[in-house]
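Here is a short report on helix packing, chain-level totals and a few loop residues. Please read it alongside the model.

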There are 2 protein chains.
Amino acid sequence: MTGPVPEGSTALLTDRYELTMVAAALADGTADRACVFELFARRLPDGRRYGVVAGTGRLLAALERFRFGEAELAALAQVVDPATLDWLRDYRFTGDVDGYPEGELYFPGSPVLTVTGTFADAVILETLALSIYNHDCAIASAAARMVTASAGRPLIEMGSRRTHEEAAVAAARAAYLAGFATTSNLAAGRRYGIPTAGTAAHAWVLLHDDERAAFRSQVAALGTGTTLLVDTYDIRTGIANAVEVAGTGLGAVRIDSGDLGEMAHQAREQLDALGATGTRIVLSGDLDEYAIASLRAEPVDSYGVGTSLVTGSGAPTAGMVYKLVEVDGRPVSKRSTSKESRGGRKSALRRYKPTGTAVEEIVFPHGGPPATGPHDRELPVPLVRGGELTPDAAAPLEDSRERLRAALVAVPWEGLKLSRGEPAIPTTFVTES
Amino acid sequence: MTGPVPEGSTALLTDRYELTMVAAALADGTADRACVFELFARRLPDGRRYGVVAGTGRLLAALERFRFGEAELAALAQVVDPATLDWLRDYRFTGDVDGYPEGELYFPGSPVLTVTGTFADAVILETLALSIYNHDCAIASAAARMVTASAGRPLIEMGSRRTHEEAAVAAARAAYLAGFATTSNLAAGRRYGIPTAGTAAHAWVLLHDDERAAFRSQVAALGTGTTLLVDTYDIRTGIANAVEVAGTGLGAVRIDSGDLGEMAHQAREQLDALGATGTRIVLSGDLDEYAIASLRAEPVDSYGVGTSLVTGSGAPTAGMVYKLVEVDGRPVSKRSTSKESRGGRKSALRRYKPTGTAVEEIVFPHGGPPATGPHDRELPVPLVRGGELTPDAAAPLEDSRERLRAALVAVPWEGLKLSRGEPAIPTTFVTES
């Protein structure tokens with residue numbers, strides 16, 4: 001990671017104390033101590049059975065732009081001393097990063113990301129790494145439950161308007177990673193190549209002199225395969241108008257309000273009676289994983305999900321922490337009261353039955369793995385070596401989708417239940433190898 | 001808003017359907033119909049008594065960068081037709097915007113923002129406006145409750161690591177607007193001039209050979225006025241070490257874990273016994289407005305708040321919607337099932353007692369205000385006229401802080417309770433003037 005400071009520095013997306021700690025460490029000579037930081041979740045959100053790793057690709061991209069240009073340094077003139085400004089001017093991350101690949105599952109204590117480098121090199125990444133992982137893992141974890149609940153029916157991510165405008169783009173990415181089919185967010189389409197989708201708003205119907213005029217215009221512009229929003233006035237009339245205007249080849253109707261299950265049922269009957277047997281039914285409107293699951297028996301073709309997705313469905317942040325676990329080869333950990341950590345650099349493997357079902361997450365001291373069986377799989381992969389991204393770091397989003405799909409297939413069936421419960425598999429901490 | 005396309009276009013931070021609606025409206029001739037869209041909350045989050053308007057300044061800044069450059073147009077080549085691409089190339093918002101100023105309170109149905117323009121000009125802003133308001137209002141509304149709960153003790157915003165990295169910057173802004181004293185977020189300091197603050201992490205103590213070495217180094221680098229984190233090992237020993245190293249002039253100690261009320265009590269006794277009577281006590285660690293309120297009787301000097309702040313303390317999105325209410329002077333509204341809206345452009349005033357206490361929010365048809373009394377105050381101000389920002393649009397953040405402070409003083413005392421309840425004042429909808 002060399003060369004000039006790129007556009008869009010991420011270096012100030014951090015907490016002031018990271019830089020004042022660097023300043024103090026440069027002054028007292030501890031800045032160069034060899035350190036290991038681990039990013040992990042002490043626990044899953046209340047009642048959740050697994051977490052989904054997401055944000056790795058975004059962090060690695062942000063790391064390449066974590067550079068202090070003159071504008072950033074000027075902003076820090078009152079924060080740190082001139083010697084520290086000089087150090088920041090030359091800063092490039094030159095350490096190593098290992099981590100669970102995106103789309104992998106994690107459990108309490110799983111070492112999701114390990115950053116190895118000097119204290120100053122590694123501590124300075126704390127806030128940025130946590131921001132990205134805490135957001136993206138929260139969204140992907142909620143999204144995965146919705147995908148499970150939808151039982152194969154496609155999900156459209158349409159939550160951009162319910163969250164910060166840039167968080168929306170990251171949320172679309174996390175949802176796609178977790179198995180959503182499409183997103184409404186155009187920036188996510190451009191930035192990450194995610195397929196975009198969309199129907200029309202109620203404003204579209206209200207703009208026109210009547211519903212049929214609105215439908216006619218939409219079909220003329222977007223084709224018969226479009227999705228018409230039929231609940232602006234009266235759903236039954238709306239469906240009749242839709243088929244009258246578009247014909248029985250109409251792509252889909254969307255219903256955004258009311259008792260969605262009952263509405264879907266009536267809409268299917270009406271569409272079939274009109275001969276529009278191939279017209280799909282899209283439901284939206286305050287759906288979450290529980291509502292989606294409750295609609296399994298109804299004739300629904302796809303779901304649009306917004307608010308609950310982008311707010312993590314009750315768990316808007318993943319509770320990840322970034323902890324110093326090793327200094328110059330010596331394990332360290334906080335020891336006061338409630339928030340204890342396990343010192344020492346760790347790795348992890350997942351143990352499976354011969355049938356392929358996961359049974360246990362084993363977290364063990366790095367470099368001293370326990371005897372591994374034929375059905376064990378080590379989880380972290382190298383992402384950065386000496387400051388340079390590895391081939392694993394460039395994994396496409398499609399691979400992460402597939403990884404998650406496979407990981408969920410391997411979870412014991414209780415682990416896929418939406419109800420509150422224990423983690424799908426237990427984590428065992430091996431303290432000696 | 002003319003001139004070349006600025007850096008950092010915001011134009012793709014939107015939903016695909018906004019642009020396909022524009023395309024269809026350009027094709028059928030309705031794109032130029034005169035429209036009014038209103039942004040409002042149908043209800044407050046469950047049990048909340050008021051909302052705080054925030055995001056106006058950010059939206060107006062984003063509006064100036066809502067322009068389609070060649071890169072954005074290239075990304076849309078598969079989304080809309082060439083005629084629409086041409087229209088987007090020339091797009092500049094040329095309409096009007098009125099709104100509640102930042103820091104003002106809002107209630108269910110308050111017309112927080114009104115966008116007037118052609119259909120195409122105004123519909124295209126829906127997603128961006130909602131993203132910004134739904135996020136920033138959620139954070140500011142939670143923050144205001146924490147400020148009330150803190151009863152004058154300063155609050156430090158330190159939640160960056162718990163939310164998306166750019167949402168973190170906006171959250172710091174919203175918290176400051178709501179009365180927080182400082183933020184840990186350096187980008188917020190640079191972008192918005194918010195005072196930044198910070199202490200040190202547990203990693204700082206763990207890095208060193210012992211706690212005293214860490215404290216000595218921090219004091220040497222940051223001065224005696226710094227805040228030492230005393231709960232890495234044993235709090236009592238930590239405080240003894242802190243005063244031994246820094247002397248009785250030590251600025252503050254921070255405690256981040258344990259029974260915070262009891263810890264504060266013991267820490268105060270110990271500090272006083274050591275002669276450090278001026279050393280302040282900073283508490284942090286999973287604080288929310290309820291925890292802060294419960295600490296009122298304890299000897300605490302300031303609070304660091306993270307997770308609960310940036311996640312809106314249980315209400316991570318404000319539930320704002322953006323609805324078409326008028327087309328060519330004709331009121332329009334959705335009429336199907338549960339999600340009804342009131343058609344027609346509206347304005348609002350707040351009615352006060354002679355004592356200055358607010359009693360009622362009155363929402364009335366625009367242009368036909370009810371007879372106003374001497375203690376009524378009209379709420380919306382002009383923000384954009386013919387696409388150009390007004391002087392009101394440039395209100396500094398300090399003014400918004402002061403506006404909120406004054407608005408909360410005027411709320412009936414029940415309205416400041418943290419417990420669940422009805423909105424602090426009722427909203428009356430006047431349908432005829």
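## Helix packing and loop residues

Helices α6(B) and α7(B) are oblique to each other. The model is predicted. In chain B, α6(B) and helix α7 (residues 165-177) pack at an angle of about 45 degrees, and their axes are 8 Å apart. The crossing of α6(B) past α7(B) is right-handed. On the α6(B) side, B:His135, B:Asp136, B:Ile139, B:Ala140 and B:Ala143 make the contact. On the α7(B) side, the contact residues are B:Ala167, B:Ala170, B:Ala171, B:Arg173, B:Ala174 and B:Ala175. By class, the contact of α6(B) with α7(B) holds 8 nonpolar, 1 polar and 2 charged residues.

Helix α6 (residues 126-150) of chain B also packs with helix α2 (residues 56-64) of chain B. Here the angle is about 155 degrees and the axes are 9 Å apart. The two helices, α2(B) and α6(B), are therefore roughly antiparallel. The crossing of α2(B) past α6(B) is right-handed. From α2(B), the contact takes B:Thr56, B:Arg58, B:Leu59 and B:Ala62. From α6(B), it takes B:Leu128, B:Ala129, B:Ile132, B:Tyr133 and B:Asp136. The residues of this contact of α2(B) with α6(B) are 6 nonpolar, 1 polar and 2 charged. B:Asp136 belongs to the contact of α6(B) with α2(B) and to that of α6(B) with α7(B).

Helix α11 (residues 235-246) and helix α12 (residues 260-273) of chain B cross at roughly 35 degrees, and their axes come within 10 Å. The crossing of α11(B) and α12(B) is right-handed. B:Ile235, B:Arg236, B:Ile239, B:Ala240 and B:Val243 of α11(B) meet B:Met263, B:Ala267, B:Gln270 and B:Leu271 of α12(B). The contact of α11(B) with α12(B) has 7 nonpolar, 1 polar and 1 charged residue.

The axis values for these pairs are set out below.

| Helix pair | Angle | Axis separation |
|---|---|---|
| α6(B) and α7(B) | about 45 degrees | 8 Å |
| α2(B) and α6(B) | about 155 degrees | 9 Å |
| α11(B) and α12(B) | roughly 35 degrees | within 10 Å |

Now the totals for chain A. Chain A has 15 helices and 19 strands. Its C-alpha atoms fill a box of roughly 80 × 55 × 40 Å along the principal axes. Of the 433 residues in chain A, 61% are buried. The accessible surface of chain A is about 15300 Å², and carbon and sulfur atoms account for 50% of that. Take the contacts in chain A between residues at least 6 apart in sequence: 74% of them join residues at least 24 apart.

Most residues other than glycine have a negative phi. Which value does phi of A:Asp328 take? It is positive, near 50 degrees. A:Asp328 sits in the loop between β12 (320-327) and β13 (330-331) of chain A. B:Asp286, which is not a glycine, also has a positive phi, of about 55 degrees. Its loop runs between β10 (280-284) and α13 (289-294) of chain B. B:Asp286 is exposed because its relative accessible area is 65%, over the 50% cut-off.

A:Gly258 occupies the loop between β9 (252-255) and α12 (260-273) of chain A. A:Gly258 counts as partly exposed, at 34% relative accessibility. A:Asp231 is 27 residues from A:Gly258 in sequence, with 8.9 Å between their C-alpha atoms.

How values were computed: Residues numbered from 1 in each chain as written. Chains lettered and ligands numbered in written order. Predicted model: local features only at pLDDT ≥ 70, side-chain atom pairs only at ≥ 80, totals over all residues. Heavy atoms only, no water. Axes fitted to C-alpha atoms, helices over the stretch in contact; angles between N-to-C directions. Helix = DSSP H or I, 4+ residues; strand = E, 2+ residues; numbered from the N terminus. Parallel < 35°, antiparallel > 145°, perpendicular 65-115°, else oblique. Left-handed = near helix turned anticlockwise from the far one by under 90°. Contact = heavy atoms within 4.5 Å. Nonpolar A, V, L, I, M, F, W, Y, C, P; charged D, E, K, R; others polar. Buried < 20%, exposed > 50% of the residue type's maximum accessible area, 1.4 Å probe, protein only. Areas by Shrake-Rupley, 256 points an atom, 1.4 Å probe, with all protein chains shown as cover.
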